[in-house]
Amino acid sequence: MRLPSPVRIREVGPRDGFQNEPEIIPTDDKVRLIDLLARTGVPRLEVTSFVRPDVIPQLADGPEVLRRIDVPDDVAVTVLIPNERGLDNALALREHFQEINCFLSASESHNRANVNRSIEESLSGLERVIGRAVQEGLRAEGVISVSFGCPYEGRVEPEAVFGIAERLVAAGAAEIGFGDTTGMANPLQVREFFVEARAILGDEVELTGHFHNTRGQGLANVLAALESDCASFEASFGELGGCPVPAGATGNIATEDLVSMLHEMRVQTGIDLDRLLEASAAVREVLGRPLGSHTLVAGPVDWHA
Ligand code: ZN
């Protein structure tokens, strides 16, 4: 079996992870943790979001974080943009980031619950956001939440997901992320999904897997996606993150678990696992609680022991 290598990872902990933390993390700690992550060799780093501060107070310091972080030139900084107003605010700091990520859900109920809009309303807004971002020389990723199943509606037809993806690509998105937002996907489903996605969306657009470990199947889904030639994944250090629905759901797959598995399979990521584990240990220290990550507890595999 030949797996794609290298694989490109986007670390999303400072946005997807921090956003779900109930206690406000001091800006100094965020900056320090992002600077640690930026020195792990990770090629892409999602650092914050330009949502309204009253909606997500945890990320209200986004502009300050963006100004203060010190990220090497070869690391692409991504910010999440919810709408045109968010894009306007972000563009005031244009020199501090290279990529935007915007999102909507594949099911009407989830999109309504999340952003109080219909899918069509979200899409037409995001088409304008992506168009303007591309004109500014930014790279755009569109993330489609609940691509593999919806906690309100159950089954989500892949054709519906691909239809949304095609609109985002036509608007200028260079990358489409498929989110298993509440961990409903299974490996067989994921394998078929990425084969179809590639056939429909073509070779130019980057396809990214964003899996959650809600039911412990995150890494199995990564392997299935790899077997369908998906070579881009999003993950969160420490296994931070999650989703308010269903209650108690765990977060994104842990970046260190993903990197450990990939390296053991001789798939390159460019990431230094020891440095990544230092960053994860540092965020565990800041949050003051055990985290979901396995490799953070067990350490890297040691074949010389
Ligand atoms: Zn996530």
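Which residues point one way from S4, and which the other way? Glu99, Asn101, Phe103 and Ser105 go one way, while Ile100, Cys102 and Leu104 go the other. This is a predicted model, where local features need pLDDT of at least 70, side-chain atom pairs count only at pLDDT 80 or more, and totals for chains, interfaces and linings use all residues. Residues are numbered from 1 along each chain as its sequence is written, and side-chain values use heavy atoms, with hydrogens and water left out.

**View 1. Strand S4 (residues 99-105) is tucked away.** Strands here are DSSP E runs of at least two residues, and helices are H or I runs of at least four, numbered from the N terminus. In S4, 7 of the 7 residues are buried, so the strand is largely enclosed by the rest of the structure. Buried means under 20% relative accessible area (1.4 Å probe, protein chains only). In a regular strand, side chains alternate between the two faces of the sheet.

**View 2. S4 pairs with S3 and with S5.** Strands pair if DSSP finds at least two bridges between them. S3 (residues 76-80) runs parallel to S4, joined by 3 bridges, and valine 79 stands opposite isoleucine 100. On to S5 (residues 139-145): 7 bridges join this parallel strand to S4, with phenylalanine 103 opposite valine 143.

**View 3. Helix H4 (residues 84-91) packs with H6 (residues 119-135).** Their axes, lines fitted to C-alpha atoms over the stretch in contact, sit 9 Å apart at an angle of about 20°. That makes H4 roughly parallel to H6, a label for angles under 35 degrees. Among the H4 residues that meet H6 are Leu87 and Leu91; contact means heavy atoms within 4.5 Å.

Note on methods: Buried means under 20% relative accessible area, exposed over 50%, partly exposed in between (1.4 Å probe, protein chains only). A crossover is right-handed if, with the strands pointing away from the viewer, the path from the first strand over the helix to the second runs clockwise. Axes are lines fitted to C-alpha atoms, for helices over the stretch in contact, and angles run from 0 to 180 degrees between N-to-C directions. Angles under 35 degrees count as roughly parallel, over 145 as roughly antiparallel, 65 to 115 as roughly perpendicular and the rest as oblique.
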